[in-house]
Amino acid sequence: LIRNAQEQGVFIVLMDSENALDESWLHAVGVDTSPEKLLRIGVSMVNDVARTIFEFMKDYKSEYDDLSIEERPKVLFVVDSLGMLQTPASTAQFESGDMKGDMGIKAKQLKALVSNSVNLIAPYDVGIVATNHTYASQDMFSPDEKISGGEGFIYASSIVIGMKKKKLKEDENGVKVTDVRGIKSVCKVVKSRYAKPFETVDVFIPYATGMDPY
């Protein structure tokens with residue numbers, strides 16, 4: 001996603017809370033990590049993401065508000081991931097060794113983060129993409145995976161895609177085989193403001209060739 005955005009001239013602000021996106025891996029998938037194309041920031045708390053987006057947009061407005069929409073640079077914030085972000089309460093509990101849980105604080109902070117960010121970026125060619133964690137549903141009438149962090153930020157999102165990872169046990173002709181040839185990602189459009197929701201597609205990612213771009 002970052003690579004494709006860069007090919008369209010979009011500047012990337014990458015906020016990494018998982019500490020998993022090293023430079024060599026980004027290069028391997030075709031991402032340009034030069035400072036004029038990508039700004040990578042390590043974050044650990046919901047507050048860090050909020051502060052980063054607010055400060056960046058404050059500078060963006062002061063520098064580009066006088067320009068036309070066509071002249072303003074396009075920006076994409078990428079947060080990987082919401083699930084790993086902490087709150088001050090959970091950090092304090094960890095330091096004291098008294099892990100009670102954050103009593104819903106994170107869900108409230110995530111809702112505030114997304115709703116405030118949407119209002120901040122709405123007038124500009126600026127977008128936000130975030131990954132998050134899911135967990136198995138315990139509801140027999142609603143078997144889809146549940147997204148962690150509460151429902152608030154889902155309502156503010158324009159698109160939500162649920163993804164599952166399965167073993168790819170098919171060859172290039174679609175014939176079933178016994179060995180694992182790669183990953184099959186089952187993607188379901190949980191919410192969309194732009195197209196029909198609840199559509200599902202299987203994306204094959206063979207180890208030997210990688211994903212078909214089409």
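Residues are numbered from 1 along each chain as its sequence is written. The model is predicted, so local features need pLDDT of at least 70, side-chain atom pairs count only at pLDDT 80 or more, and totals for chains, interfaces and linings use all residues.

**Exercise 1.** State how many helices and strands the protein chain has, and what share of its residues is buried.

Solution. Start with the DSSP runs: helices are H or I with at least four residues, strands are E with at least two, and both are numbered from the N terminus. The protein chain has six helices and nine strands. Next, take burial: buried means under 20% relative accessible area, exposed over 50%, and partly exposed in between (1.4 Å probe, protein chains only). Of the 214 residues, 31% are buried.

**Exercise 2.** Work out how helix 3 and helix 5 are oriented to each other.

Solution. Two packed helices are described by the angle between their axes and the distance between the axes. Axes are lines fitted to C-alpha atoms, for helices over the stretch in contact, and angles run from 0 to 180 degrees between N-to-C directions. Helix 3 (residues 46–64) and helix 5 (residues 105–121) pack at about 10°, with axes 10 Å apart. Angles under 35 degrees count as roughly parallel, over 145 as roughly antiparallel, 65 to 115 as roughly perpendicular and the rest as oblique. Therefore helix 3 and helix 5 are roughly parallel. Their contact (heavy atoms within 4.5 Å) includes V49, I53 and M57 of helix 3 and L110, L113 and L120 of helix 5.

**Exercise 3.** Find where N19 and F198 lie, and decide whether each is buried or exposed.

Solution. Take N19. Its phi is positive, about 55°, although N19 is not a glycine. N19 sits in the loop between strand 1 (10–16) and helix 2 (23–28). Its relative accessible area is 67%, so N19 is exposed. Now take F198. F198 is not a glycine either, yet its phi is about 70°. The loop between strand 8 (182–192) and strand 9 (200–206) holds F198. At 56% relative accessible area, F198 is exposed.

**Exercise 4.** Locate the cis peptide bond between D80 and S81.

Solution. The bond from D80 to S81 is cis, with omega near 5°. S81 belongs to the loop between strand 3 (74–80) and helix 4 (88–96).

Note on methods. Side-chain values use heavy atoms; hydrogens and water are left out.
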